[in-house]
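Student: Could we go through the aromatic rings in this one? I'd like the cut-offs spelled out as we go.

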Amino acid sequence: MKYFKRIIIGIILLEFLNLIIGFISNGKDVILPYTSFNAPPLYYDMDSLYGVTRQRNTKQMISYPWGGVVCKTNTLGFVDDEFKNDGILITGNSFVEGYGIKAKHRFSEILEKKTSITINNAGSGGVWTPIQSFMVLRDLLKNKKMAFKQTIIILTPGEVVNLDKRSPKNDLLRNYPYRLNDTLSFHKTEKSSFTNNLSLIDKSKRLFKSLLISKIYYTFKYYGAPKVKPNIVDFEREKLDWFASLIEKENFNSVIDIIILNNLGRIKIKEIENYSNQSKKVKFHLINFPDDLNNYFTSNGHLNKEGNEELAKLMEGLIRK
């Protein structure tokens, strides 16, 4: 019994030390609610233009080995500083946002250092789609009249394959723009699955993520190579043709670069390397992401630090200096 008491006291002392270290590294942010990729959403906004984005000007702690990552959003709801004209705008899903890693380790920040050009990261999680990326472009370039040296949309293989699959028939609980025949429509949910309020159970789960024992668990969970089987999917040219025509009709003042990361997450689109179109306003680029599983977090399949370094290296030649 006395050894059991010593163990309990030892755990309490270690957790107290863990809290002190958290305050030293993150200050008051150490008490922010933790979230993870599959956790109930927190700090999301049902935007009437983009769809689901993070709340503007907020902070949240993302689960990460040994402490978590503080994500701070700007006035647009993206995890970055305020966007600057004359930089480069990159938009896309949670791979672009850099889910689960510190901002300084994202491919966009790595490219900033290499090129000395400001990279405005408009990536977002929350079941993001290329159509939402298009809405970001239209809002920033036309409504807000921002001007960038280069504008890039990054597409993952899953986004290319499912570009027109989302509709009120299969996703009722979120706001989002979607393809309706050959035009765009907007679905506004009557009952959202996203919330800024947490139940007692959810609060308890998030509190557990801040404990030392949880950090030890996540260290083993996040590191190492995930067991992801390769998946070969068919290519439907019509979907990219439609997306290119959607952008072209907007008549933006600059060429829009679309970068397709084939084989990302080991999803490979067959025969997409032969794709080309005649648009003068849209330029497609194909990057074949390497098969190395050490580029991914074991827990959620997103790119880790090494994966972001690899992506920055592959994209450097596509940045206009």
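Tutor: Let us start with burial: a residue is called buried under 20% relative accessible area, exposed over 50% and partly exposed in between, with a 1.4 Å probe and protein chains only. This is a predicted model, in which local features need pLDDT of at least 70 and side-chain atom pairs pLDDT 80 or more, while totals for chains, interfaces and linings use all residues. Residues are numbered from 1 along each chain as its sequence is written, and side-chain values use heavy atoms, without hydrogens and water.

Student: Are Tyr 50 and Phe 78 buried or exposed?

Tutor: Tyr 50 is buried at 1% relative accessibility, and Phe 78 is buried too, at 0%. Ring pairs also join Tyr 50, Phe 78, Phe 83 and Trp 128 in a cluster.

Student: What about Phe 235 and Tyr 275?

Tutor: Their pair is edge-to-face, with 5.7 Å between centres and 80° between planes. Tyr 275 has 11% relative accessibility, so it counts as buried.

Student: Switching topic, which residue lies over the face of Tyr 176?

Tutor: Arg 166 does, at 4.2 Å from the ring centre; the criterion is NZ of Lys or CZ of Arg within 6 Å of the ring centre and within 35 degrees of the ring normal.

Definitions and conventions
Phe/Tyr/Trp six-rings, centres within 6.5 Å; stacked < 30°, edge-to-face > 60°.
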